Amino acid sequence: YYFYDINLKLSHTCKNDDKVALSFYMGDDRYLGEQIESGGLVIKNVHKWGNIAANTSWSHAYGKKLFSDLSLSYARYRGKMYSSEVLYYNPAIVVAKRNSSFYRNLYETRTDSIIEGYKSNFTNSLNDVMLRMDWDWKIDTHNDVRFGFNCQSIFFNPGNTATENYVSGIRYYENRSMPRTISGDGYVYVEDEMKYGRFEANVGVNFSGYLVGKKIYPKVQPRL
């Protein structure tokens, strides 16, 4: 079993007071269980999963009243589950070299050395990309207008299963994949934070939409 995590964060302030930032994360976990029997039977189980996340942003001032924030982010998940139980032709070599990764890999890749057994490998993944832009316009002491947009795309692979079955030394292979999906959502908004004496209000509207396949689900959300 092993796991690792990597974190990276960088930021820089430019001469015109613009701010640029970058953050990155990557992590992987892996579990391996292996059992080698004296009769040439090898049992193996592997579970592996990992994530990547990255974000970059830029903050800019157009003057004393208008400011903006731009960000682009990416995230990825992937998983794998592998299991096998195979009986080899020459159990003496498997047992004698059970501590050698070279011989284990050799016999696992040579399908002509397998008498009976199976191998199953399941993988899935998800990729997410998002772009966001926000503006803040301080018109005067009474009105602070904020507006912007956000758009996101999600690419989802629910799973792919590859199986190998060995009967009397004959290999039977099958590959099954679930339909991959692409979805997306986004919104555009504008709001005004007003202050006139004792009267305070935050008035705005949000137009959003969700995309699944070829169909869009729109929605309007007024705010008061």
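Of the 224 residues in this chain, 27% count as buried, where buried means under 20% relative accessible area, exposed means over 50%, and partly exposed lies in between (1.4 Å probe, protein chains only). Before going further, please note that this is a predicted model, in which local features need pLDDT of at least 70 and side-chain atom pairs count only at pLDDT 80 or more, while totals for chains, interfaces and linings use all residues. Residues are numbered from 1 along each chain as its sequence is written, and side-chain values use heavy atoms, with hydrogens and water left out.

**The overall layout**

The chain has two helices and 10 strands. These names come from DSSP runs, numbered from the N terminus: helices are H or I with at least four residues, and strands are E with at least two. Along the sequence, the order is β-β-β-β-α-α-β-β-β-β-β-β. Among contacts in the chain with a separation of 6 or more, 59% involve residues 24 or more positions apart; a contact means heavy atoms within 4.5 Å. The accessible surface comes to about 14,700 Å², and carbon and sulfur atoms hold 59% of that surface. Such areas come from the Shrake-Rupley method with a 1.4 Å probe, and for residues only the protein chains shown count as cover.

**Strands side by side**

Let us follow some neighbouring strands. Two strands pair if DSSP finds at least two bridges between them.

| Strands | Sense | Bridges | A residue and its partner |
|---|---|---|---|
| β3 and β4 | antiparallel | 21 bridges | Val-46 and Tyr-82 |
| β4 and β5 | antiparallel | 23 bridges | Leu-72 and Leu-131 |

How many residues lie between β3 and β4 in their hairpin? There are four residues between β3 and β4. A hairpin also joins β5 to β6, through four residues. Another facing pair is Leu-87 and Glu-116, the latter in β5. In a regular strand, side chains alternate between the two faces of the sheet.

**A nonpolar patch**

Now turn to the surface. Leu-72, Tyr-74, Val-129, Leu-131, Phe-155 and Ile-182 make up a nonpolar patch there, with about 480 Å² of accessible area together. The elements that give two or more residues to this patch are β4 (66-88) and β5 (114-138). Patches are built from residues with over 30% relative accessible area and no salt bridge, joining like charges within 9 Å and nonpolar side chains (Val, Leu, Ile, Met, Phe, Trp, Tyr) within 5 Å. A salt bridge is a side-chain nitrogen of Lys or Arg within 4 Å of a carboxyl oxygen of Asp or Glu. Val-129 has a relative accessible area of 34%, so it is partly exposed.

**The cysteines**

Where is Cys-14 found? Cys-14 is in the loop between β1 (2-13) and β2 (19-36). Cys-14 is partly exposed because its relative accessibility is 26%. Cys-14 and His-60 are 46 residues apart in sequence, and their C-alpha atoms are 9.9 Å apart in space. Cys-151 is also partly exposed, at 34% relative accessibility. A disulfide is a covalent bond between the sulfur atoms of two cysteines. Counting a disulfide as a pair of cysteine sulfur atoms within 2.5 Å, the total here is zero.
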